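Trainee: I would like to learn how to read a protein model strand by strand. Could you walk me through this one?

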Amino acid sequence: MLKNFISIEGVANVSEFPTLTTLDRYNQFEVEEQVTIPAEKPEMEQIVSVMVEASIKNYYAIATPTGLKVIIEGELKQKITYVANEPTQSIHSAMFITGFCNFIDIPLNIPSGQNVLNILQTLGITLDDVVSAPPNIIIEDFSISQIDTRKAKKCTILFAWVRVNALLATYLPA
């Protein structure tokens, strides 16, 4: 993808989007940040390209008053390639790793007088069994703009999804 004359790799193609089922829950969120080129590297004249990759490093489910949440902890790896602000205009790159934490909401229809933990106990499952597979994540969009010769502002739009254990299907809202 080319955006503002900057080549961006890592944004999902429409063909990579998931086909969601009634058991899938998702969240879309952004990670905004400002990065600074390390002092040992030359200053930037112009950003040429960015490679970006998202991954989930850890996840777990928690009970809430309205259902469940799957907490996801992950990271963005980003490599910025740029033309140095010097007469030779050599090409350089800088790597940045940014952590993120977010959640996927799983609202449940909780019968009167019950709570989430009662429902799980009735179904014979624990918080560890709430999801049937690890969560997934893709990058929907990415933008970057140079602030000055050392700094850039980035915004990454992420889409995370998870499949809920089928035993919970009767408690999921329509």
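Trainee: Which strands make up the open sheet, and in what order?

Mentor: Strands of a sheet pair through backbone hydrogen bonds, either parallel or antiparallel. The open sheet here has 5 strands in the order β1-β2-β4-β5-β6, with mixed pairing. β1 (2–3) and β6 stand at the edges with a single partner strand each, so one side of each has no neighbour in the sheet. Two strands count as paired if DSSP finds at least two bridges between them.

Trainee: Before we go on, what should I keep in mind about the model and its numbering?

Mentor: This is a predicted model, in which local features need pLDDT of at least 70 and side-chain atom pairs count only at pLDDT 80 or more, while totals for chains, interfaces and linings use all residues. Residues are numbered from 1 along each chain as its sequence is written, and side-chain values use heavy atoms, with hydrogens and water left out.

Trainee: How many helices and strands does the protein have, and how do they follow one another?

Mentor: There are 1 helix and 8 strands. Helices (H or I, at least four residues) and strands (E, at least two) are DSSP runs, numbered from the N terminus. Read from that end, the elements go β-β-β-β-β-β-α-β-β.

Trainee: What does the radius of gyration say about the overall form?

Mentor: The radius is taken over C-alpha atoms, and the globule rule is 2.2 Å times the number of residues to the power 0.38. For 174 residues a compact globule would come out near 16 Å, whereas the protein has 21 Å. Along the principal axes, its C-alpha atoms fill a box of roughly 70 × 30 × 20 Å.

Trainee: Where does strand β5 sit, enclosed or open?

Mentor: Burial is judged by relative accessible area: buried is under 20%, exposed is over 50%, and partly exposed is in between (1.4 Å probe, protein chains only). In the protein, 41% of the 174 residues count as buried. In strand β5 (residues 67–84), 15 of the 18 residues are buried, so the strand is largely enclosed by the rest of the structure.

Trainee: Which strands pair with β5, and over how many bridges?

Mentor: Strand β4 (residues 44–64) pairs with β5 in the antiparallel sense over 18 bridges, and a hairpin joins β4 to β5 through 2 residues. Met44 stands opposite Ala84 in β5. With strand β6 (residues 91–107), β5 forms an antiparallel pair over 17 bridges. There Gly74 stands opposite Phe100, and Glu73 stands opposite Cys101. The hairpin of β5 and β6 has 6 residues between the strands, and Gln89 takes a positive phi near 50° in it.

Trainee: What does Thr81 touch?

Mentor: A contact means heavy atoms within 4.5 Å. Thr81 lies in strand β5 and, at 16% relative accessibility, counts as buried. Setting aside residues up to four places away in sequence, Thr81 touches Ile47, Val48, Ser49, Ile91, His92 and Ser93. Lys69 is also in β5; beyond its neighbours within four places, its contacts include Tyr60, Ala61, Phe103 and Ile104.

Trainee: What share of contacts links residues 24 or more positions apart?

Mentor: Among contacts in the protein with a separation of 6 or more, 74% are between residues 24 or more positions apart.

Trainee: How do β3, β7 and β8 pair?

Mentor: Strand β3 (residues 24–36) runs antiparallel to β8, joined by 13 bridges, and Gln28 stands opposite Phe159 in β8. Strand β7 (residues 136–146) also pairs with β8 in the antiparallel sense, over 10 bridges. In that pairing, Leu158 of β8 is the bridge partner of Ile139. A hairpin through 4 residues joins β7 to β8.

Trainee: And where is Ala169, and how far is it from Ala152?

Mentor: Ala169 is in the segment after β8 (151–163). At 35% relative accessibility, Ala169 counts as partly exposed. Ala169 and Ala152 are 17 residues apart along the chain, and their C-alpha atoms are separated by 45 Å.
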